[in-house]
Amino acid sequence: MSKLIKGKDIPHKMLSLDPYSSWLGIEIISVEVGRVKLGMTIRPEMLNSMGKAHGGITYALADTAFGFTSNTHGKYAVSIETSINHIEALEKGDYITAECTLDKTKTKVGFNIVEVKRGEELVALFKGVVYRTSEEWE
């Protein structure tokens with residue numbers, strides 16, 4: 001029989017199994033059930049043709065924070081809808097964080113808001129909806 005993983009340990013397991021997030025250089029800053037904060041640095045290969053961070057980079061960080069947070073409840077949670085608002089452009093060398101600031105569950109559907117910041121400045125706002133399965137993290 002497998003041992004179930006506690007909520008606060010799930011994001012660490014998820015990151016260890018996620019080569020894309022590891023390639024991005026995402027690090028876990030803090031974890032509690034229903035709240036995860038991640039960080040990363042914008043690298044030269046993450047820039048677009050205008051010399052700014054590609055929008056997909058900010059999206060990927062926010063999406064990872066969203067996924068990690070949604071899974072801290074102990075059940076496999078899968079994304080069913082997401083959106084992002086890009087507020088400020090990012091530069092090479094910028095260190096950004098993504099923190100889930102809202103984690104609300106209604107039956108098997110969860111709603112999340114993730115704020116992406118450069119220091120204290122809000123640079124993107126992400127909204128996501130997940131479906132929580134009955135499968136538990138082991």
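In this predicted model, Tyr20 is partly exposed, with a relative accessible area of 44%. Trp23 is also classed as partly exposed, at 46% relative accessibility. Tyr20 and Trp23 both belong to helix H2, which covers residues 19-24. They sit three residues apart, or about one turn of that helix.

The aromatic rings were examined next. Four aromatic pairs were counted. Tyr20 and Trp23 make up a stacked pair. Their ring centres lie 6.2 Å apart, and the angle between the planes is 25 degrees. The pair is called stacked because its planes are under 30 degrees apart. Trp23 has a further contact, with a charged residue. Arg43 lies over the face of Trp23, at 5.0 Å from the ring centre. Elsewhere, Tyr59, Phe66 and Phe126 form one aromatic cluster.

A nonpolar patch was found on the surface. Val78, Ile80 and Tyr131 make up this patch. Together, the three residues have about 270 Å² of accessible area. Tyr131 is located in strand E6, which runs over residues 121-136. Its relative accessibility is 35%, so Tyr131 counts as partly exposed.

Definitions and conventions: Residues are numbered from 1 along each chain as its sequence is written. This is a predicted model: local features need pLDDT of at least 70, side-chain atom pairs count only at pLDDT 80 or more; totals for chains, interfaces and linings use all residues. Side-chain values use heavy atoms; hydrogens and water are left out. Patches are made of residues with over 30% relative accessible area and no salt bridge: like charges are joined within 9 Å, nonpolar side chains (Val, Leu, Ile, Met, Phe, Trp, Tyr) within 5 Å. Accessible areas come from the Shrake-Rupley method with a 1.4 Å probe; for residues, only the protein chains shown count as cover. A salt bridge is a side-chain nitrogen of Lys or Arg within 4 Å of a carboxyl oxygen of Asp or Glu. Helices (H or I, at least four residues) and strands (E, at least two) are DSSP runs, numbered from the N terminus. Buried means under 20% relative accessible area, exposed over 50%, partly exposed in between (1.4 Å probe, protein chains only). Rings of Phe, Tyr and Trp (its six-membered ring) pair if their centres lie within 6.5 Å; planes under 30 degrees apart count as stacked, over 60 as edge-to-face and the rest as tilted. A charge sits over a ring if NZ of Lys or CZ of Arg is within 6 Å of the ring centre and within 35 degrees of the ring normal.
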